[in-house]
Structure formats: structure tokens, C-alpha cells
Amino acid sequence: MVIVMNSKTTVKNILKVSFSNILKLLSGVLVGFLLPKIIGVSDYGFYKTFTLYGTYVGLFAIGITDGIYLKFGGFDYSSLDRERFRFYSKLFISMELIFSAIVGLYAFIYLKGDNQFIGISTAIFLFGNNVTGYYQIISQITGRFDEFSLRTILQSLLTSVVVIALWILSCYFNISISYKIYTFLYVLIILALTIWYMITYKEITFGKSIKSFDETKIYFKFIKIGTPLLVANLCSTLILTLDRQFVNVLFDTKTYAVYAFAYNMLSLITTALAAISIVIYPVMKRMDNRKLMYNYPFFNAAMLVLIFGCLSIYYPLFGFINWFLPNYRESLPIFRVILPGVALSSTISIIMHNYYKTLDNEKRFFIKSVITLAISGLANYFAYMICGTTISISIASVLVTVLWYIFTERGIASLNKTIIKNYLFIICMFIIFYWTTMINNWILGVLLYMVLFLIAVCAIYKSDYRIIKKIFF
């Protein structure tokens, strides 16, 4: 029996988050394409170094937010014990302040020049990002997506205003703009929105809170149950960023800037898909396991079709980069190699990982991610040692992503007719993408890609169309 996953409430929530993500996507376009032009290749490399290390600051949440996420997923906000959550909030904020101070002090004493600035900025970002993440978890588990969406909208608007202002200063007033200026303003926006979030959730932040040894034990229990999810998420992040880390360490700043720019274009797709991931876990949590397992291959099929359809963005971007950002055209071969991998990595993070969490198999996902991470490290190392080029590292990254997809899926379901179709579709779309992107005329390339994409979808999923439509529509 197929469960109709999206009730009116679920669709409404997805639309809310989708709208905010559209604005986030537009903001990402401005930042992604105007900022590199404003600050230049070298400074862009330093800025992307900041964002690279910024992806790791979630480690300092030490599993607490993940534990709350698993413990209270599906609860109503009104059912949360106010005094208990005030205790959780105050303790978490205090811990993040301490971690932020330690990282900042280390950067101030031991790092110099640009590395010192990046280290201190990362320390401040650590506090804002993790405290915001704590409140966003509250928003997600309780279905309060209005606050989540509003905060995303505000951040998108503010960062867009900052980039446009810097662009005007650079183009019309001939003022030299450093990456430090944008990084400082960006971190300032994050801190301002963190304070806004604390005020929005003042009922569980300020006022009388429970103070007892038992509550402290429960708090540390969050760490215990949340750490596997935290480390699993970290491993997933590392699998996706390890090639960038290799390039950042082994190559010069300009080379890293070009490599990071390719991934910046990749984020246009992942940002657009984030709404599904945010909403889907609380929905899955309310479904029984039998229906979950029945619908799994169809969820994957729908996600693969959606993402491979989005890959058509490569062709207009190819023309745009050659025209608007010629200094970054060396990123296009890298972008071409890594782009199909986003279909697999997004399916892992949006569908498969949520299945592991819903079925309480987080430890299994963690083990698989650790093994994949080790393979990724070896693959990137040998790619560098044998070829010594960034393109070889990106190829290794895609191959590891394919392995990660197969390895992770083996922990959820055994082969069946629809899963075999999914693998056939993946193979066809990889071949179609790499073949059509060899065409120099990008307009002809995108038309041919879309025609072959539609033929592949109709030929492979014709018999599954009604089931997939019933699940999602």
C-alpha cells in the first residue's frame, strides 16, 4: 500500500521552505557570481577557505542539537516543557561561547596574517551558526517553519544588499574591496540573526529554568544519542568536501579559488533541493516502517529524476562563466566532472540518511560513512600522487560518491525491480550528461540533453509513474 506522503500541511511546509530557498538561491547567485568578480581570484580563494572551515564548526555542537532532533522529532511546540528547554538553551549557549572563545584565542595567538583573520572569523561564526542551528532544530521538530523560512529570507536579503553595495562601491567609486570586508559583514549578519532567533524563542531561552542533576544527566544523554548522528553528518560533509580540503592544502590559493568556484556553482542545485530535506524527516517519523520500506525505491526514483533534470543548468552556466567571469573558466572542466555526482550525494542526504534516522539505524549509517570517508581519503591521495592535478582529484571524488551511494543503499533495501531501474537510469544519465557536454554549442547541448533525459525517464519509469505521482502529488 502506498502512503500519500504529502498532506496539505506537509505541502504547505515544503512550499514555505521552498520559497525561502528560492530567495536563498537568488542570493547565492549574487554572492556566487558577483563576489568573485568584485574581490578577485586570490581574495576569493581566502574567502572560500573561510567557508570551507566554516562547514566544520557544527562539530562543536557535540551532538546536543542532534540528540534533541532525534528525541523530540514530531513534537508540537506547545508540548515542550518551557522550564526544561530554558535549561537546555542556556547551557548550550554558554558552551558555544566557551568553544568560540577557545578557537578565537588559538587563532589570535598561533596564526598570522590571512590565516589569523580566517581563524578569528570562523570562531565568531561558530557561535552564531551553532546557536542558530539549535533554534532551527526546534523549528524543524515542531513544524514551526515560519520562523525557519523568515530567518532564511532575512539572511538572503541582507547578504544580497551587502554584495550589491560592495559591487556599486567597486564599479562606480573604484574602491578596492577585500574579502575581509565581506567576511566581516557576513559574520555580522549571522550574529544579528542569532540574536533575533533568541528573541523569537524567548519562551524557551529567558526566564526561570529547571536546575537539577537529573536534567544535566538528560542533557548529556543528548550528547550520547546525538553523537553518532553528528559524526555521521560530519563524515558525510567530509566525504563531500575532502577533495576541496586536499586542493586547499596541496595547491596555491588561486588554484583553490578556481576549484572552489566549481563547487560554488554546484551549490545552486543543492540549495534548491534543501527544502525537501528539511521537511521530510518529521513526515517520515510519523509513518510506519512497512510503508516506509515499500515507498523507498519510488522516493529515490523521484529524487533522481528531479536532480538529473536540474543538471541542465550546466549549459547556460557554461556560456555565462565564459562571458562574465573569464578568470574562472578553468573551473568549468571541474564543474563538468563533479556535477552528475550531486544527483547521488543529494539522494543520499535527502532520502537515504532520513531513512536511517527514521528506522533508528543511525549507527549503521555512521559506520558506512566512516568507511567511505577512509576510501575517499585514499582515492584523493592516490589521484594526487599519480596525476598531481585538480581534475584527477575531482574524478576520484565522483567515483567515491558512486561507491557511497551503492554502499549506503545496501543497508536499507535489497535489489528489486524499481531499484534496478534506478541504477539503469543513473548509468544512462551519466553517459548522456558527459556526452552532451562535449558539444561546444551550449544551446544545442541543453536541447539534446533535455530530449534524451525525457526519453530516458519515459522509457525506464513509465510503469512507475502513477505510484510516484501518488506519493508526491
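Predicted model: local features only at pLDDT ≥ 70, side-chain atom pairs only at ≥ 80, totals over all residues.
Residues are numbered from 1 along each chain as its sequence is written, and side-chain values use heavy atoms, with hydrogens and water left out.

Entry: I found 14 residues lining the second largest pocket, and the closest to its centre are Tyr 53, Leu 111, Ile 118, Gly 119 and Thr 122; a lining residue has an atom within 4 Å of a point. Helices α1 (8–54), α3 (82–110) and α4 (113–141) each give at least two residues to this lining, and the largest share, five residues, comes from α4. By class I read ten nonpolar, four polar and no charged residues, with Ala, Val, Leu, Ile, Met, Phe, Trp, Tyr, Cys and Pro counted as nonpolar, Asp, Glu, Lys and Arg as charged, and the others, Gly among them, as polar.

**Entry: the whole protein.** I looked up the secondary structure and found 17 helices and zero strands, taken as DSSP runs numbered from the N terminus (H or I, at least four residues, for helices; E, at least two, for strands). Of the 473 residues, 53% count as buried, that is, under 20% relative accessible area, against over 50% for exposed and in between for partly exposed (1.4 Å probe, protein chains only).

**Entry: Thr 65.** I placed Thr 65 in helix α2 (residues 64–72), and it counts as buried at 11% relative accessibility. Leaving aside residues up to four places away in sequence, Thr 65 touches Phe 92, Tyr 134 and Ile 137, a contact being heavy atoms within 4.5 Å.

**Entry: helix α11.** Is helix α11 (residues 331–338) mostly covered or mostly uncovered? I found it mostly covered, with six of its eight residues buried, namely Ser 331, Leu 332, Ile 334, Phe 335, Val 337 and Ile 338.

**Entry: cysteines.** I noted that Cys 171 is partly exposed at 46% relative accessible area, and that Cys 458 is exposed at 52%.

Terms used:
1 Å grid on protein atoms, 1.4 Å probe; cavity = no way out; pocket = protein on both sides within 12 Å on 5 of 7 lines; lining within 4 Å.
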